[in-house]
2 protein chains.
Amino acid sequence: MTTTTIEADARLFTTPAARTAYAELIGEMREIAVLRSTLSLLAWDQEAKMPRGGVEHRAGQIGMLAKMVHQRSTARELGEKLAVCEGDGGLAADPHSVAATNVREARRRYDRQTKLPTELVQEMTLTASKAKAEWKEARKAADFSRFAPWLAKVTELNRRQAECFGFPADGEPWDALADGFEPGCTAREVEGVFKPLRDRLVALLDRVMGRPGPSDAFHRLELPIDKQREFVRFVVARYGFDFDRGRLDESTHPFCSGIHVDDVRMTTRFRIDNFADALSSTCHESGHGIYNQGLPREHWGTPAGSPISLGIHESQSRMWENQVGRSAAFWRWAHPELKRHFGAPVAAFSEADVYGACNRVEPSFIRVEADELTYNLHIMVRFEIERALIRGDLDSNDVPVAWNTKYREYLGVEVPDDAQGCLQDIHWSQGAMGYFPTYTLGNLYAAQLFDTARAELGDVDAQFAVGNFAPLKAWLNEKVHAPGMRYRAAELCEKVTGAPLSADPLLTYLEGKLAPLYRL
Amino acid sequence: MTTTTIEADARLFTTPAARTAYAELIGEMREIAVLRSTLSLLAWDQEAKMPRGGVEHRAGQIGMLAKMVHQRSTARELGEKLAVCEGDGGLAADPHSVAATNVREARRRYDRQTKLPTELVQEMTLTASKAKAEWKEARKAADFSRFAPWLAKVTELNRRQAECFGFPADGEPWDALADGFEPGCTAREVEGVFKPLRDRLVALLDRVMGRPGPSDAFHRLELPIDKQREFVRFVVARYGFDFDRGRLDESTHPFCSGIHVDDVRMTTRFRIDNFADALSSTCHESGHGIYNQGLPREHWGTPAGSPISLGIHESQSRMWENQVGRSAAFWRWAHPELKRHFGAPVAAFSEADVYGACNRVEPSFIRVEADELTYNLHIMVRFEIERALIRGDLDSNDVPVAWNTKYREYLGVEVPDDAQGCLQDIHWSQGAMGYFPTYTLGNLYAAQLFDTARAELGDVDAQFAVGNFAPLKAWLNEKVHAPGMRYRAAELCEKVTGAPLSADPLLTYLEGKLAPLYRL
């Protein structure tokens, strides 16, 4: 960011003092961001490249840099500069301006980091470390009762954190926790969208389960890993992921790390007998990657150049994975490419076979293996349970019963044991509550944004069918990526799509896709 | 390093104040080392992995961390702690103890970093940046006259730096520069070893050039790069490079980066028609890697856990590249392995063919393409010229004539133009003077250390001939790597080999190898 840019952004301030404080605030935020981006590289390297002997030293490097970032992010001077900026009334003239965005979000972050007493942070760190170890043991033994006291402790600490953060009188503690992942998100709003979504998804699942579906034979095919590697790289390059400004590597769990708008690293994973997983994982991560590469370069390191929320980030990954990568139009283009890359082994599978296999619905009790339809039901179970825990409406000992009941009710499956039930996810054991709904918010935003893109871009199916993804990418760059954090997720949705977030677009999308496949 | 270790190391101090200052000094040095190791990762990633778009941001990351390292390394408090440690007479009882080593070398580094005025450092940075750009242009045009004024400026700044560092009354400015790469090294000592080496190398080259030598047909063989990759990895794993605590990647210029004793990254390069370069480069870097992995873990981040000098580092790379990797015994073992890995393409080449090709002598005017014999003559030309420049005995405009004359005299070759002559190396343009001799010092130390290893380890040829490199590695670990910086290079040489550094071992080694090959 040049000094000129900062001065231009600061023009709304009425006093020179505020302009100076703003320039200093931006300078400090950018330096902190450089340190954070170094932490991102250390973390990327640890997952994708580091020899296993390096783990202890890496913890030392990360610990030292994280401490520096924390000290600088919570420094009194930073708070003082913020106060000077806020004291100047000029920003009120344009609350979505770059400067207003930067000051508003810097305040949010500063408050979240300084409102927690050090003792509480330390207690959470210690508890999470022990809870994670106990969760692993409990899961191994498929015995939730071992983990129950730790979940109670984690819940209690999350409740205390929520009290420290604070929330409006008409809100609830869960909101203060979710705000860390999805700024401005409230349980009431989530419930308002999830409730109709759940009812209609359960009904749709019920109809689907009564019908014969497409075969999954394509998924069981064994394909050489070097060819898989070539193919997924070919697809995401065509999507528009820029390999001159990013990489694709391999790790146990796929992820995407935005070190800088010009240095975005994503990972995927390969198994000889699971090409579908490699392709969908890579398409998914490339959605995150294209978002990170599309953020405004001139505002890098400040909120105006940062992603809005986990939900919006997930909307980008889901859209490229599902609305694009699981569409009939995509396979119209990709099926001949599949034959060109893999040759004989795929010859027996028609375009319809592959498209069908990628869109099978199969309820299971494991979230990470879920299809597009049932995935959201998995999330709702978790949202309802963690909200009840935080409210004090559910005792941690009663989680397995609540869990298994909801799985029966929503997904129609019997959970065989706790390991494959309420112990399957790591999130709560790490202290993260308020996180899960961002996955389904991502699906909802993806569907609603995609409907608007479709309306504004002409025949996207015809574009996809010839491997032309450039119009969609350019639209997302302009509508979703370029604004950085100028709007909250809900605001951006309304601004871009003309309507508040609704369950309808996702339901219409799923019904529209599954009706012909399952002859509903 | 545990507190207990530091306390044990501090037992020589006579006062609690010195023990406290020492513990604080070690703590601070370790934190600085963690930052430096993060810089190493940033640099490794830039060369080996980073997408090209990341270059600008990476400069920002490196700049910020380098500034932090510089500020902490030159902090007044650090100097005060050092002074308290030095003020306590206790360390005199054992000048090679861990504590004495750490204090002595910390002082050396501190003085080198604080003795230069900021303006001089800035002027050198700026000049080097411009000089490098001009050097590139001059080399492209093969016109030294364009670079001459910049070399004069770099020389002048180096001379001013040397005056700031200071040097003994019987020394000269070059010594103060070399000390940054090879602590304690003086031009007089270098000259004392280089002079007899040069005379006998020139004579040996003269004899070799009159005889028919081995064929280099093996070097022109085209071999698939994935097989080359497998083979070099196989060899250096057998050498004892630990892939659980290190990596091998690819970059334009091979290098080795010791991020930590348990995280050592080396690179190599491949060309389908240059397997010999890939193999020797990888063997070379693995010598650096094995040294870095062999440093004492408990003293990581302090001088007692650091490499002695560039010369000793180079001795390790040269030994594994040449004394081991170009030996007849090595090829006794490696030739069948070569056939096993590459199959038909190498079938026509006998063990003697491969061994001969790897040991051909071929004078040229390009240093980086030189063989074992002539390499040292390239270095001497550079040492003599840079020493004369610094002394004021040679004007920068006269460098081409001096250069070409020496190449004719030492190597018997006519330099065709400046680009292939005195403009071929980047070092001076970057401001580095006093660096070149470390290459030949490495060759000399390698030969002398290897003679002692051979005398102490029994029949190393028989060991190599069955691919058993463990005894040599263990010997180097104990004699050269474990002591860290407790001894200066010259001291270690005398301690381990029983004699001061001499040209004889290298000459005997080269004569012994070339006599049968060239039927001298």
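Hi everyone, let's start with a definition: a salt bridge is a side-chain nitrogen of Lys or Arg within 4 Å of a carboxyl oxygen of Asp or Glu. This is a predicted model, where local features need pLDDT of at least 70, side-chain atom pairs count only at pLDDT 80 or more, and totals for chains, interfaces and linings use all residues. Residues are numbered from 1 along each chain as its sequence is written, chains are lettered from A and ligands numbered from 1 in the order in which they are written, and side-chain values use heavy atoms, leaving out hydrogens and water.

Over all chains, the search finds 103 salt bridges. One of them joins Glu28(A) and Arg72(A), at 2.9 Å from N to O. Those two sit 44 residues apart, Glu28(A) in helix α2 and Arg72(A) in helix α3 of chain A; helices here are DSSP runs of H or I, at least four residues, numbered from the N terminus.

Next, Glu172(A) pairs with Arg387(A), with the closest N and O atoms 2.7 Å apart. That pair spans 215 residues, from the loop between α7 and α8 to helix α15 of chain A. Glu172(A) is buried at 10% relative accessibility, and Arg387(A) is buried at 8%. Buried means under 20% relative accessible area, exposed over 50%, and partly exposed in between, using a 1.4 Å probe and protein chains only.
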